Amino acid sequence: QVQLVESGGGLVQAGDSLTLSCEVSGRVPTTGVMAWLRQAPGKEREFVASVSWSANTQSYANSVKGRFAISRDTAQNMMYLQMDSLKPEDTAVYYCAAKYKYWHNVWNDWGQGTQVTVSS
């Protein structure tokens, strides 16, 4: 089990950039995957991007591909989401999540979320 704490959210204008951070306390297994998911008001939580903790294999939702970049620093136990060319539709609460076995469909642990608001 890990504890996850997000930071870096805020209010920005369309076209701006923002970097989210996720501090990971505890050990992520080599079969683990870390991810960012988001939830906009009135909408279901959706996948944004993921990275395998050991192999650094990355995956993105089509809506953010080419604009967002996920990364992780296993030495510092940190994960990041670099968000460029932000759009108003990116407004959401962004959550950091951990999955201990990459072949599972359920995310095991979540952070408390950080609000990102993009004004037009």
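The legends below describe several close-up views of one predicted protein chain.

Residues are numbered from 1 along each chain as its sequence is written. In this predicted model, local features need pLDDT of at least 70 and side-chain atom pairs count only at pLDDT 80 or more, whereas totals for chains, interfaces and linings use all residues, and side-chain values use heavy atoms, with hydrogens and water left out.

View 1. The protein chain has zero helices and 11 strands, where helices (H or I, at least four residues) and strands (E, at least two) are DSSP runs numbered from the N terminus. With 120 residues, a compact globule would have a radius of gyration near 14 Å, and the 13 Å of the protein chain agrees with this; the radius is taken over C-alpha atoms, and the globule rule is 2.2 Å times the number of residues to the power 0.38. The C-alpha trace spans about 40 × 30 × 25 Å along its principal axes. Of the 120 residues, 45% count as buried, a term that means under 20% relative accessible area, with exposed meaning over 50% and partly exposed in between (1.4 Å probe, protein chains only).

View 2. The strands follow the order 1-3-8-7 with antiparallel pairing, two strands being counted as paired if DSSP finds at least two bridges between them. Strand 1 (3-7) and strand 7 (68-73) stand at the edges with a single partner strand each, so one side of each is left without a neighbour in the sheet. Strand 1 and strand 3 pair over five bridges, and Glu-6 stands opposite Cys-22 in strand 3. Strand 3 (residues 18-25) is joined to strand 8 (residues 78-83) over six bridges, with Ser-21 opposite Tyr-80 in strand 8. In a regular strand the side chains alternate between the two faces of the sheet. In strand 1, Leu-4 and Glu-6 make up the covered face, while Gln-3, Val-5 and Ser-7 make up the uncovered one.

**View 3. Strand 5 between its two partners.** Five of the seven residues of strand 5 are buried, which leaves this strand mostly covered. Six bridges join strand 4 to strand 5 in the antiparallel sense, and Leu-37 stands opposite Phe-47 in strand 5. The hairpin of these strands has six residues between them, and Gly-42 takes a positive phi near 75 degrees there. Strand 5 is also joined to strand 6 (residues 58-60) by three antiparallel bridges, and Ser-59 in strand 6 is the bridge partner of Ser-50. In this second hairpin, with five residues between the strands, Asn-56 in the turn has a positive phi of about 65 degrees.

**View 4. The nonpolar cores.** A nonpolar core is a set of buried Ala, Val, Leu, Ile, Met, Phe, Trp, Tyr and Cys residues joined through side-chain atoms within 4.5 Å. The largest one has 31 residues, and those with the most contacts inside it are Met-34, Trp-36, Leu-81, Met-83 and Tyr-94. Another core, of five residues, lies apart from it and includes Ala-35, Leu-37, Ala-97 and Trp-107.

**View 5. Two loop residues with positive phi.** Most residues other than glycine have a negative phi. Asn-77, in the loop between strand 7 and strand 8, has a positive phi of about 55 degrees although it is not a glycine. Ser-85 lies in the loop between strand 8 and strand 9 and has a positive phi near 50 degrees; Ser-85 is partly exposed, with a relative accessible area of 41%.
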